[in-house]
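Take a look at the chain below.

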Amino acid sequence: MPHAPAAMRADILESAGRLFAARGFRGTSLQDIASDAGCSKASLLYHFTSKDAILTELLAPAGRELAELEERLAALDGEEAARAAVAGLVDLSLRFRRQVKILVQDVDALINRPELPDVNAITESLVDALTGRSPTSEARVWGWMAMVGIFLTSAGEHALPDPALRTELTRSALRTLGRQTD
């Protein structure tokens, strides 16, 4: 029985996300995706014009939510900004684990994609929020360490269930930033 177009599209996205996360964007072909999704390459190309188009659809929701987080953090400073930035980044990285893993694996090829917000500007803004808007060089180092640590850790495989991983990511990031962990 043939797939409905929406179901086939969802199957293609699921297969592509899983394969990109396992093999990398560059290490996955359109034929790999089509075979995994149970369709022909022609059928895949009916739904998506290219591998880039598939990646765009996979990354766009994470990009939008990252931009929304940046917007929410813009009005905060000090302790409130740092804690909200940690909570937001931990939440985002856990909800979009697969996308984070895809980006981490092929960061050099994927970092400046149009479906993502301006990565350089947004990372600077997030580091600024993580530091509580501190201008010191030391605080900025801590901010970068916390941000990258959250993303790299969430992209990995862990025996911890998500609630425990969320707790540990949050505590570790706050400690890295020199903040109380409560």
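Predicted model: local features only at pLDDT ≥ 70, side-chain atom pairs only at ≥ 80, totals over all residues.

Now step back into the helix itself. H1 covers residues 5-23. How far apart should its ends be? At 1.5 Å a residue, its 19 residues should span 27 Å. The end C-alpha atoms are 26 Å apart, which agrees with that expectation.

Next, look at which side chains are hidden. Met8, Ile12, Leu13, Ser15, Ala16, Gly17, Leu19, Phe20 and Ala21 of H1 are buried. An α-helix has 3.6 residues a turn, so residues three or four places apart point the same way. What do the buried residues of H1 pack against? Their partners are helix H2 (30-37), helix H3 (41-47), helix H4 (51-73) and helix H6 (97-105).

Take H6 to begin with. H1 and H6 pack at about 45°, and their axes are 8 Å apart. The two helices are therefore oblique to each other. Their crossing is left-handed. From H1, Glu14, Gly17, Arg18, Phe20, Ala21, Ala22 and Arg23 take part. They meet Arg98, Lys101, Ile102 and Gln105 in H6. The residues of this contact divide into 4 nonpolar, 2 polar and 5 charged.

Turn to H2. Here the packing angle with H1 is about 125°, with the axes 9 Å apart. That makes H1 oblique to H2. The crossing of H1 and H2 is right-handed. On the H1 side, the contact uses Asp11, Ile12, Ser15, Ala16, Arg18, Leu19, Phe20 and Arg23. On the H2 side it uses Asp32, Ile33, Asp36 and Ala37. These residues divide into 6 nonpolar, 1 polar and 5 charged.

Now move further along the chain. Thr123 sits in helix H8 (residues 119-130). Is Thr123 buried or exposed? Its relative accessible area is 16%. Buried means under 20%, so Thr123 counts as buried. Leaving aside residues up to four places away in sequence, Thr123 touches Trp144 and Met147.

Most residues other than glycine have a negative phi. Arg133 is not a glycine, yet its phi is positive, about 75°. With 24% relative accessibility, Arg133 counts as partly exposed.

Conventions. Residues numbered from 1 in each chain as written. Heavy atoms only, no water. Helix = DSSP H or I, 4+ residues; strand = E, 2+ residues; numbered from the N terminus. Buried < 20%, exposed > 50% of the residue type's maximum accessible area, 1.4 Å probe, protein only. Contact = heavy atoms within 4.5 Å. Expected span 1.5 Å × (residues − 1). Axes fitted to C-alpha atoms, helices over the stretch in contact; angles between N-to-C directions. Parallel < 35°, antiparallel > 145°, perpendicular 65-115°, else oblique. Left-handed = near helix turned anticlockwise from the far one by under 90°. Nonpolar A, V, L, I, M, F, W, Y, C, P; charged D, E, K, R; others polar.
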